[in-house]
Amino acid sequence: MRRFTALYQRLDRLTATNDKRRALVDYIRGCPPEDLAWALLLLSGGKVGGARRKLATTGELREWVSEVSGNPAWLVEESYHQVGDLAETLTLLLPPATMRAPDQGLHAWITGVLYPIANAAAEVRRAVIVDAWDGLDDAERLVFNKLLTGSMRIGVSQGLLQQALAEVSGLEVAVIAQRMLGNWDPTAEFATRLLSTEPQIGDASTPYPFQLASPLEAAAPSLGDVNDWHLEWKWDGIRLQLIHREQEVALWSRGEERLDGRFPEIEAMAALLPACVLDGELLAWDADDAQPRPFAALQTRIQRKKPGLKVLAETPVVMVVYDLLELDGNDLREEPLQARRAKLHALVTGLDHPALRLSPQVVVESWESAAALREQSRERGVEGLMVKRATSAYVGGRKRGDWWKWKIDPMTIDAVLVYAQAGHGRRSNLYTDYTFAVWDGDALVPVAKAYSGLTDAEILKLDKWIRSHTKERFGPVRSVTPELVFELGFEGVNISKRHKSGIATRFPRILRWRTDKKAADADLLATLASLAN
Amino acid sequence: MEDLVIVRPEGMYCPPGDFYIDPWRPVDCAVITHGHGDHARVGMREYHTTSQGLPILQWRLGDQVYHPHEYGESFTLGDTQVSLHPAGHVLGSAQVRIAHAGRVWVMSGDYKRNPDPTCAPFEVVPCDTFITEATFGLPIYRWPPMDEVARDIAAWRDECAAQGETAILYCYGLGKSQRLLAELAACMQGPVFVHGAMATGVEVYRAAGIHMIETVKVSDTPKGADFAGQLVLAPPSAAGSTWVRRFRGAQHGFASGWMRVRGNRRRRNYDRGFVVSDHADWPDLLRTVRETGATRVIATHGNTDALVRTLNEAGISAGTFATHFGEDD
């Protein structure tokens, strides 16, 4: 594990992307494939433990470190609030190691030490973990504790990892990306196949990397002639890739998660399609309605792994498709968008199925008329417009220039800061997580939590203010005197029974600090509720 | 019985002695524990301090009415007998011992127990009530041996040298920088380059006979000088300033007890953090309280809550003073 620990330390210290890639390349070169496989899993956010393979709960780890270090539970908790990361807190609290155990690779640690004790009785797991702690130095302990507590979160994007793998193997990044998509087991065979220059038989259900859009921040006319662009509505649903190959259907979300079983009506429709790969949006949409239901309606469907008939009837879903990536075994991604759309149109019309709709082209004469249509987005239940270059190929990842999302401006309210909590990681021991409230009669009712939107200088200033205006402390949370007003932006408001205020805000964020306003000037709950759709 | 030290708007006050310790507002009589800005301020009519700390106060506060005292020397203030004892924090730093009517109170000021070649080591002063700092009052704060850290810094400079980069190490100008320069003398070759704001402090220490590695003021180097492969010491306020821009291709490190927690380093965007503190770590806070034999403890600044609760659970009556002291390290 020393080799991986050295990589972890290097990545933790580096901030420049190029330096990080170099560190990854150095690690991958000459790494035994059985260790590399685990490293890739961990760097991709994968976990060793989990619900089905219990190594140690966070409660047990706290308890064991309390016993081993002689610090009472409350002091372990206080320490955790200061550090903001459990794995690191454990590392800092453990007494110095009394020996240095011989080094073992990542694979040996995970499959030889941790897996054998998974789901064992607490005493068995405790004995092995406490013993392991005693043979590791601080740097190794941190990595080991990260294995126990969950993901590594080390600031390495999938893209960067794939670039490093491509550099070492001499393969295209796209090839690596495709081979890494989906579920894979961290075995030596996987690592070897991943880096192999021989063509690999891809699993038939392997999806293509999604093409992502960048927000359009410049004025739309700066894109040039409107006729060079293909416009569509920006749907507010779940991005979905539908794969029908070799009589098998797979549904993939953008989080590279298979959604099989959750949406049987989509799978039934897919089975009727010719062999193809479609890109589109999953939406809750009643057959008779002119527009889809809000995103929140999908929540009930996402949560159900095997929805019953009642759920299916209450919230019917459709797939609104906007791209065709593969047809009858031919990869179409290099073809221009217009050509792909023509084939897609034929496909959708030919099938004529209620669960499959074509995302219509929004035809406009000019950017002005596009802007005017965009203003109707909220009434149409969409998030704005998508602007795609008509001749563009389908490229995985967020390549700037071909796909733009031209979203409507967010709804805004003025709200009062009422609670603050310290952040995690980089922001630990700074108050960066804020709760905001609006007026309901004489009372301030919390309506949104926001973590972003302030500059570093503002965060520091606000942190100081919070410390000197604390009313009460509830563990890590402080209530503050309700004085400061912030303008919040959000994507939507939904009626919610789970929230005390009766509403739930979507993607709330801070737009600016309204130093010109007093708490009394903040908005009313009724105003916010009237925005609900 | 009245407490020997209480908090007033002006600062910590000793009623029977009619003097203040490290006051934050102008008063007649001030006893100063050490030269850091949150403890030594201008505006006092008279200053009592240690002989070793005098040059530091003269540097920081200019011309004032000073009464220097040797460590351990007893002097009378009002109805009390006062003496100053080494705190091991920075050159000339002191604990204040107050004896009155058979009772002894000690105010620690800032202190540490780890060896420091630039100042007299902390002395345990038995007392009834011990007023302690608690800057690092949590068990996550435990200091590594200083010689190890000094070797890490030397190795970091070599790493930077191999990549043609400058190693800029930020640290506080009074105390920390001189301690590092003294420790580095044992494990690497000089010179070390220093920021102008630090140079005066280094001179004060050299004049006091403290042995440190050879230093060169950055401002004394010719325009366009190449600092690749060199170690540069600068105050934290220089980070991100135009002054730093002259070092093209540099790594930035910070030497502080706060660097024990990764989040502190990452938040400030330092490449490296070196755990070097001039305050007591958690085990030493507890050890010191125990060794003084105090039955009552008052914590002044830092993570006071955890220390107070730990002591109370151990049967030592503990509370806090709300002071204006900072938590820089």
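1. Helix H9 of chain A covers residues 138-149; its 12 residues reach 16 Å from the first C-alpha to the last, close to the 16 Å expected at 1.5 Å a residue. The expected span is 1.5 Å times one less than the number of residues. Helices (H or I, at least four residues) and strands (E, at least two) are DSSP runs numbered from the N terminus.

2. This is a predicted model, in which local features need pLDDT of at least 70, side-chain atom pairs count only at pLDDT 80 or more, and totals for chains, interfaces and linings use all residues. Residues are numbered from 1 along each chain as its sequence is written, while chains are lettered from A and ligands numbered from 1 in the order in which they are written.

3. H9(A) is mostly covered, with 10 of its 12 residues buried. A residue is buried if 20 or more other C-beta atoms, placed from the backbone, lie within 10 Å of its own. Among the buried residues are A:Leu142, A:Phe144 and A:Lys146. The cover includes H1, H4 (58-69), H6, H7 (106-114) and H8 (122-134) of chain A. Just after H9(A), A:Gly150 takes a positive phi of about 135 degrees.

4. The contact between the chains takes 21 residues from chain A and 15 residues from chain B; two residues are in contact if their C-beta atoms, placed from the backbone, lie within 7 Å. On the side of chain A that touches chain B, H1 (2-13), H5 (73-83) and H6 (86-93) each supply at least two residues. H5(A) gives the most, with 5 residues.

5. Chain B has 7 helices and 19 strands. Of its 329 residues, 52% count as buried.
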